[in-house]
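Colleague: I have not looked at this structure before. Could we go through it in a few questions?

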Amino acid sequence: MIIQLKNDISESQKEALIDEVSQTGYKITEVKTQLGDYLVGIGKKEFDIRRIGQKEGIQDIHIVSDEYKLVSKKWKVAPTAIDLGDGISIKDGDMAVIAGPCSIESEDQIRKVIGHLKENNIKMMRGGVFKPRSSPYAFRGLGLDGLKLWYELAQEAGIKIVTEVMQVSQIEEMYPYVDIYQVGARNTQNFNLLDELGKVDKAVMIKRGISGTIEELLQSAEYVFSGGNEKLILCERGIRTYERASRNTLDLNAVPILKAKSHLPVIVDPSHGIGLREYVSQMALAGVMAGADGIIYETHEIPEKAYSDGQQTLDFAQSALLTDWIRKTFEMRKTFDLI
């Protein structure tokens, strides 16, 4: 059960409401976010919600059977829109394009990527400054100094920054320089990190875990929402299966399922999803047709010289072509009634 509270509810009205609902056998947790105040009730006993629905201070009340209450579409039918400012957003009915290198490597690289993005009217840049690598000897990012440099150059160009946060201690130091915190596949169930991201007033994109289920992705988002942050984006980035012909298996089944289950926007990452440059464009377009609200992919001037993930990274010419295809495919998708 979710009870939406009015902005002007008094503390005495709230306490009386919590007490009455608790007497029905429901455990009540109050959740305050940037956008609203909610009471989340957990319990199995059925009762007539009209008993409390007309009480003062209540805006609305919903019965939500899903374990993930706040990110469920059962109470919030209207899709959530993520407004990043400057006319840049991620939302249903639009197609966001996010592109950039796997790793931020140098000032020269940043300038070249930003130039490519501006030429193709791409407003959001991805890139890693803290890199979780399977090998401890691989390049692990430029760290905070690299992020500050990237931020200065991106600000000048009107580009928004999407980058991964790996641990709780990085959240505060990264805050002035990021527009979207990315939670990577290895951290999707780092619940301490998710709890702390619930306390920030910036968007958070959660990638599906390497072997995670759709329900586990939604539960991870629930951690952030219940901590106080409604600015959430879900990302399908492929899962590990027994198939070895590709790096991962991009589960495009997840896109329409997530759109049906949750009000949050859904992004597809075909670069990690298949891990092979020659197939990234096909999978990106398949993601568009599956109903995604955006595509995030990797691009580098010379992928063969990239510090990481060069095998799944598009060069600038391939990236420009893909961006054009994404937009044309999205326009075609809008003519259908399926999505």
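Colleague: How many bridges join β2 to strand β3?

Modeller: This is a predicted model, where local features need pLDDT of at least 70, side-chain atom pairs count only at pLDDT 80 or more, and totals for chains, interfaces and linings use all residues. Residues are numbered from 1 along each chain as its sequence is written, and side-chain values use heavy atoms, without hydrogens and water. Strands are DSSP runs (E, at least two residues), numbered from the N terminus, as are helices (H or I, at least four). Strand β3 covers residues 37-42 and runs antiparallel to β2, and the bridges joining them number six.

Colleague: Which strands are the edge strands of the sheet?

Modeller: Two strands pair if DSSP finds at least two bridges between them. The open sheet has four strands in the order β2-β3-β1-β4, with antiparallel pairing. Pairing on one side only marks the edge strands, β2 (27-32) and β4 (58-62).

Colleague: Why do the buried residues of α8 line one face of the helix?

Modeller: Buried means under 20% relative accessible area, exposed over 50%, and partly exposed in between (1.4 Å probe, protein chains only). In α8 (residues 254-261) the buried residues are A254, V255, L258 and K259. Seen down the axis of α8, the directions from the axis to the C-beta atoms of these residues lie within one arc, so they line one face; that arc is 130°.

Colleague: What percentage of the residues of the protein chain count as buried?

Modeller: The protein chain has 11 helices and 14 strands. Out of its 339 residues, the buried part is 54%.
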